[in-house]
Each structure stands twice: as C-alpha cells, then as structure tokens.
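Good morning. Please put the structure up, and then I will go through a few of its residues, its sheets and its ligand.

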Amino acid sequence: MKKSVALIGAFVLSLSISYASKAQERKNYVFINPSDTKEEIIAKAARVIPSSQQYAWQSLEFTAFVHFGMNTFADVEWAKVKASPKIFDPKKLDCDQWVRVLKDAGARLAILVAKHEDGFCLWPSKYTKYSVKYSPWKNGKGDVVREFVNACHKYGVKVGLYLSPWDQAEPTYGTPAYNKYFENQLTELLTNYGRISEVWFDGGIARDYPKKQVYDWQAYYRIIRKLQPNAVIAIGGPDVRWVGTESGYGRETEWDVIPINLAPLTQAEAMSMAHPLDEVFKPHDMMDPDLGGLDKIEKAKGLFWYPAETDVTIRPGWFYHASEDTSVKSVGKLVDIYFSSVGRNSVLLLNVPPDKDGLISKYDIKSLEGFHEVISETFRRNFAANAEVAIAGDKGSARASALFGRGKYWKGKEGADSSSLVFSLPSPEKFDVAMLQENILVGQRISRFRIDYWDGKGWEKLTEGTTVGFKRLLRFKPVTADRVRLVIEDSRLTPTLSGFGLYELPPEYLNLGE
Ligand code: FUL
C-alpha cells in the first residue's frame, strides 16, 4: 500500500514544514462501514490519533513500577495462604529514596502496587482489615501510598497506581458485592492522593483459582474518568495495552491502531455513548505477534488507538528476594531492553522492587546508574541535529533544526510512491544508532523504511525497518560518514517525520545479535 510524498516539480522545501495542531476534532477510534474499500480502511486507520492523555503518556517513554507488599516480607512471588499483616514492618522505609533512584535513572512516572493479588492494601483502606493499618509498621498509623505520592510530588515524577482486580483475601470476591468493594477502594485511591496519571489493572489470575469474579469494568472506568479524567487506564483498560510479554522486548512491527471488538453493541449504540471506547472495550488477548497489520484491520468493525506498554522487572521476580541480589539485570541488559521497548514504539515500564527494610538495594541502584549513564551519554549528541536536509524532488534544502522540534514536523505530499530525505552532516561522524519519530498527532503511517549512508562512491544500506510510530531506534555496525539517506518505502498515508537522529552507542552495548 503506497501513498503520498511530493517528489514532483519545483517545490520549496520550507513549505513542507508543518506545525503540529491539536487535531482535536479527530478521535482515537473509528468505525468501519461494510461498504468501505480496503483503501478506505487503510486511510481510516492512518487517521486515528491518540487521545490527549494517551499522547501525554506516550511522551514519558520510560516509567517505573514498584512492587512492594506482603510478598516482600513472606519472600515469595505468589502466596498460597494469606500472610499475617504482622509480618509487614519495613523499618527503614524511605519513599524519597525510591523516587530519587527512579528519577535519577530517567523514569518520569512511577506506579506503586497499592494492592497486589493477595489483597493486602498499602494504604489504610476503610473497607478491609487486610492493610497496613493492622501491621506493626508505624503502629498501624502508616500509609505507604501517601508517602509514595508525596515523594513523587517532591521530585516531579508522575504518579500511577496498580490495584489488582484479583483479590485472594476479600471474602466477597467471586460475588457481585466484590464489585462494590473494588469501586470503593478505587474511589479512595483516586480521591485522597492528588493527581493520578495511570491506573493499572492486572489481568493476572491463577488458572485453577476456584472463585470466578464477573468484573464490572464499565463501572470501574466510569469512576476513573470522573475522578481522574487525565489518567490512562492500562492493561485491563482501554487506553494502554500490554505489549504481550514480560521480557522487556516489544515487537519490531508495532502498530498503535488495532481492531476493536464491538460486540455485543451495534455501531449505532456505541456511537450514541459518551465514551464509546470505554463502553465497548473488553480486556483481551494481546499476545498475537501482529495486532494491527493489514490482514487484521481489513476484517475489523472498528479501529482504535491502543499503544503498547512493555513491562519488565529488573530482577527475576516482581518482588524483592535477597537470593536474587546477584541476578539483577546488568547495565547491558537494561540498555538492550531500552532499545527494544522505547525504541520499538512502546513505553518501558521497569519494575524496581524495594527490600524488606523498605529501600531499593545497592545492587539495583548500581545497574540503574550504569544504565542511565549509557543512555544519557549516547543521546546527548545528535550528529544529525544541524544536518542540511534535501528531499528528493524538492528544490533547496532546510536545516534539520528548522524541520523538527517544538511541534514542527516534516510532511510528505500526497500522491507519490516513496520519499527520500538526504541528511548532510556538517562533518563526517562515526555513528551506530538511528532514531526516527513520526508525528503521531496526525496518525501512525510509515510501514516500511530503509536508511543508507554515502560511502564516498555510492549509497550503502545501513539498516531497515517497518513501523516507526512515536519512536524507533535502530542499531547497526558503526560507520563514519557525512551523508545519510532515509527512504520511506511505504506508508499508509502521507508520511510525517517529527524527529531524526544519529548517535554513537559504545560498542559493548550494540548487541547486534552476532
Ligand atoms: C502479573 C502478576 O502476577 C505479577 O505478580 C506482576 O504484578 C505482574 C506485573 O503482573 O500478572
């Protein structure tokens, strides 16, 4: 499917610079009519845009998860029996330390597990006796959620909360009364702790668990939309999807726009609702290797913007275990994960679990510090920042700094099959990383691209890829060159580019899989 990009005639390049508009009239979902042709469906998919809270979330790029609770003290990942609150006593708990460490590593939002699957609440919920209130910690006067939120505010880190729908402690679980219990807890968390930017609903439950709960998702979503309208609802919710693994590695081809299942509503019913997506959304399987390819969207009744979040833990387990101190992921592994999550059009959610004292351990801090140093050093200098950019078919050229940044982006012209942009650097540079960004505020479009470099005699291929989205990072064998060509080979609609970069990653972190 080829579209767009002006290659024809005399065209002054500066005219192709566009300014990001809010594009508010467009939505993060679209319905497909039975009469729509394949071309019309593709164009529709290319025009779906993120909601404002989805865009704000995507721009965070790197976020952190904090698993801390009964499992920390029982030294297990999944408790078989309800552990007594008496074991919860983090004597040196210091949420400032957590948030400082996470912020120093580059995380811009942190999600605290307020209640994990065992049902133990890290805040003194009015609705249960299974909480910090019944623990020896601070003589039952403590509130981890409060301390966490205060620390996030202090350090300017956004707040997210994980509230497990599965609850092994609550006696009403498995009956309609549990929905009310869950709604009450959600209301407590979303009312008493200031602005919450992400609400995380885990889909996990033991396969053989005897009680089956029919969750009232729509009621939960209504509460969140009302109390925290700027929050995204992740995983068991309509704003952010699970990437499909817990490895830290996203898909090479990652479309943000994927089919929505309308059943049991008709399109007319869905359209008459204030928040159709919330009404029709049902948590579903996200493990398919391709969620938004042509074959998928062609058969869809509706499409929606549903971006990927890549969650992974820095240790083998989600909770702290002293026995895993020597298995903390290395700097190299974290760097590889960053390139394979942030660099594959998803947001990285990295779990860093505090220990029994209530502190992040020195082992995790060491890896995080090394990781941050590599990432910040690598992206400090973009060799293409001051490049002169010439676009095939256009007269003249423009500075990359005039094309990209502060809401500016390049947009191709309708009607051409392909497009190429040649970046001439002020001087030859050695680089091994390329970065591409599309302006997703108008939609995700690029479906195949290639990057070449000029070796003095001709163009040589450096790397290639499929989707771009918010950000695409590619690593390749280092080259020294002063000219690089981006060829957009295929795009669902007029392609856009809101960022282009060339960087040098130290060779020990390249991991080219050889
Ligand atoms: C899973 C849970 O079972 C793990 O304990 C962890 O919370 C992970 C993020 O999700 O479903």
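I start with L227, which is partly exposed because its relative accessible area is 30%. Here buried means under 20% relative accessible area, exposed means over 50%, and partly exposed is in between, with a 1.4 Å probe and protein chains only. L227 has its place in helix α7, residues 217–227. Helices (H or I, at least four residues) and strands (E, at least two) are DSSP runs, numbered from the N terminus. L227 and L189 are 38 residues apart along the chain, and their C-alpha atoms are separated by 9.8 Å.

Before going on, some notes on the source. This is a predicted model, where local features need pLDDT of at least 70 and side-chain atom pairs count only at pLDDT 80 or more, while totals for chains, interfaces and linings use all residues. Residues are numbered from 1 along each chain as its sequence is written, and side-chain values use heavy atoms, with hydrogens and water left out.

Next, T175. T175 is partly exposed, with a relative accessible area of 32%. The loop that holds T175 runs between β5 (158–163) and α6 (176–192). A polar atom of the T175 side chain lies 2.7 Å from the backbone oxygen of T172. Such a pair is a polar contact: N or O atoms within 3.5 Å, where within protein one must be able to donate a hydrogen and the other to accept it, and residues adjacent in sequence count only if both atoms are side-chain atoms. From T175 to H116 there are 59 residues in sequence and 19 Å in space, C-alpha to C-alpha.

Now the sheets. What is the strand order in the open sheet of eight strands? The order is β7-β6-β5-β4-β3-β12-β11-β8, and the pairing is parallel. Two strands count as paired if DSSP finds at least two bridges between them. At the edges stand β7 (232–235) and β8 (241–242); each has a single partner strand, so one side of each is left without a neighbour in the sheet.

Strand β3, residues 62–66, is joined to strand β12, residues 346–351, by four bridges, and the two run parallel. In this pair F65 stands opposite N351. Six bridges join β12 to β11, again in parallel, and there D311 is opposite L349. β11 is joined in turn to β8 by two bridges, also parallel, with R241 opposite A308.

How many residues of strand β11 (residues 308–313) are buried? Six of its six are, and the strand is mostly covered. A308, T310 and V312 point one way from β11, E309, D311 and T313 point the other way, and all are buried.

R241, in strand β8, is buried, with a relative accessible area of 0%. The R241 side chain reaches the backbone oxygen of W255 at 2.8 Å. R315 sits in the loop between β11 and α11 (331–341). R315 counts as buried because its relative accessibility is 0%. Its side chain makes a polar contact of 3.2 Å with the side chain of S361.

There is also an open sheet of three strands, in the order β2-β10-β9, with antiparallel pairing. β2 (29–31) and β9 (257–259) are at its edges with a single partner strand each, so one side of each has no neighbour in the sheet. On average, neighbouring strands of this sheet are turned by 20° against each other, direction ignored; the axes are lines fitted to C-alpha atoms, for helices over the stretch in contact, and angles run from 0 to 180 degrees between N-to-C directions. Three bridges pair β2 with strand β10 (residues 302–305) in the antiparallel sense, and F31 stands opposite G302 in β10.

Last, the ligand. Which residues surround the ligand? They are F65, H67, W78, H116, E117, Y162, D202, G204, E246, D311 and W318, where near means that a heavy atom of the residue lies within 4 Å.

An oxygen atom of the ligand is 2.8 Å from an N or O atom in the D202 side chain. For the side chain of E117 the corresponding distance is 2.9 Å, and for that of W78 it is 3.2 Å. Taken alone, the ligand exposes 300 Å², and the protein buries 91% of that. Those areas come from the Shrake-Rupley method with a 1.4 Å probe; for residues, only the protein chains shown count as cover.
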